[in-house]
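Open the structure in your viewer and keep the selection panel at hand. The tour goes from one site to the next, saying what to select and what is there.

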Amino acid sequence: MKILVTGGAGFIGSHLCEKLIDQGHDVLCVDNYFTGSKDNIVHLLRNPRFEMMRHDITFPLYVEVDRIFNLACPASPIHYQFDPVQTTKTSVHGAINMLGLAKRVKARILQASTSEVYGDPEVHPQTETYWMRDNTIVPRACYDKGKRCAETLLFDYYRQHKLEIKVARIFNTYGPRLLPVDGRGVSNFIVQALCGEDVTIYGEGTQTRSFCYIDDLVEGLMKLMDSGAEITGPVNLGNPVEFTMRELAEMTLKLTGSRSKLVFRPLPQDDPRQRQPDITVARSTLAWAPTVPLGEGLKRTIAYFKSML
Ligand code: NAD
Ligand code: UDP
Ligand code: UDP
């Protein structure tokens, strides 16, 4: 098949492009390099099954493809809040363009949504049926409202134009090719530990997250895309094993052998207190569950950061 991956030069997108090529597909990678980089895909450029196009999906795109993974969108808070209007445009105009394309060429489309659509959740763990607590006017809103609108658009194209759609709600994912400067917990802690700098815990570090290793996540995305047409999602994809941020920091110090100190900094506005996916739906409909434990995934990620720093 000919498969379009938007955001294909980013963290998740570049791993996905690799795996799709391994499966024998032709991959068209579209990216504007806002947070992605050529370094992430340079090893694919000589592969005849791989094609790269610099393009911003807020503008129309006319290509012929069988499937679309719509991943384009900055994912870390410092990057999506850098130009919040562009973030909303990427999620909303970008989704409209990719849906228009899917409609014209009759392609199946998968949207990378996010656990952020659950906001600071009142139910724990989060199931797909939870309807979310909402604040439209805070700095994080450009990201989660854009993603929610994209989900709505997919379901409207599904009902109105009979498109084959898949919505994945991705929870915190980590691994090689995370940007060292993207301000996320995993990348900050590793870089700080390796450089001997203070490890910055926001708040008291009692807030929780559940971390999914990139290979597990990519497998989940591919299984969802390959699932029967009746499966639309939304489907939670993430690792259900929950850690406090303090536990993550301590584990990072141990695995790097670092003597950095833990220091405490103010908690960012509207930082969710706890987050853990309920993956019952993914387990039952996709026969998918993560297999890489945090310690193992962190080791591989630390090795990557070591080689790059
Ligand atoms: P990333 O920032 O590494 O990748 C996003 C890619 O999209 C980058 O290559 C960027 O240059 C590109 N991009 C941004 N705006 C674009 C535009 N207008 N046109 C074309 N390309 C554009 O982030 P990631 O972690 O790989 O995230 C990929 C997707 O998964 C995003 O949609 C994100 O919201 C979603 N997601 C990621 C996580 C996570 O933990 N990494 C969690 C939930 C959801
Ligand atoms: N679009 C695109 N590529 C295509 C087909 C459509 O980028 O191959 C864009 C097009 O510019 C339009 C959007 O997708 O703005 C939505 O298309 P749709 O056909 O759903 O709506 P309409 O064109 O009727 O507004
Ligand atoms: N965090 C932290 N120190 C850092 C960076 C992040 O304690 O140097 C915290 C952040 O406040 C949040 C958690 O780590 O509670 C996860 O943040 P990240 O940006 O990685 O993911 P998200 O908030 O989008 O789940």
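Begin by selecting Leu 61 together with ligand 2: a backbone N or O atom of Leu 61 lies 2.7 Å from a nitrogen atom of the ligand. Bear in mind that this is a predicted model.

A polar side-chain atom of Lys 103 is 2.9 Å from an oxygen atom of ligand 2. For Arg 104, a polar side-chain atom lies 2.6 Å from an oxygen atom of ligand 2. Now show the surface: ligand 2 on its own exposes 510 Å², and 64% of that is buried by the protein.

Move on to ligand 3. Around ligand 3 there are 18 residues, and the closest are Asn 188, Thr 200, Arg 209, Asp 271 and Arg 275.

- Asn 188: a polar atom of the side chain lies 2.8 Å from an oxygen atom of ligand 3.
- Gly 185: a polar backbone atom is 2.9 Å from an oxygen atom of ligand 3.
- Arg 140: an N or O atom in the side chain is 3.5 Å from an oxygen atom of ligand 3.

With the surface shown again, ligand 3 has 520 Å² of accessible area on its own, of which the protein covers 94%.

Select 185–195 for helix H5 and 199–202 for strand E8; each of these elements supplies at least two residues of the shell around ligand 3. Coloured by class, the shell around ligand 3 holds six nonpolar, six polar and six charged residues.

The last stop is a pocket. Select Gly 119, Asp 120, Arg 133, Asn 135 and Asp 270, the lining residues that lie nearest the centre of the second largest pocket. How does the lining of the second largest pocket divide into nonpolar, polar and charged residues? Colour the lining by class to find three nonpolar, two polar and ten charged residues.

Technical notes
Residues numbered from 1 in each chain as written. Chains lettered and ligands numbered in written order. Predicted model: local features only at pLDDT ≥ 70, side-chain atom pairs only at ≥ 80, totals over all residues. Heavy atoms only, no water. Polar contact = N/O pair within 3.5 Å; in protein donor to acceptor, adjacent residues only side chain to side chain. Areas by Shrake-Rupley, 256 points an atom, 1.4 Å probe, with all protein chains shown as cover. Near = heavy atom within 4 Å. Helix = DSSP H or I, 4+ residues; strand = E, 2+ residues; numbered from the N terminus. Nonpolar A, V, L, I, M, F, W, Y, C, P; charged D, E, K, R; others polar. 1 Å grid on protein atoms, 1.4 Å probe; cavity = no way out; pocket = protein on both sides within 12 Å on 5 of 7 lines; lining within 4 Å.
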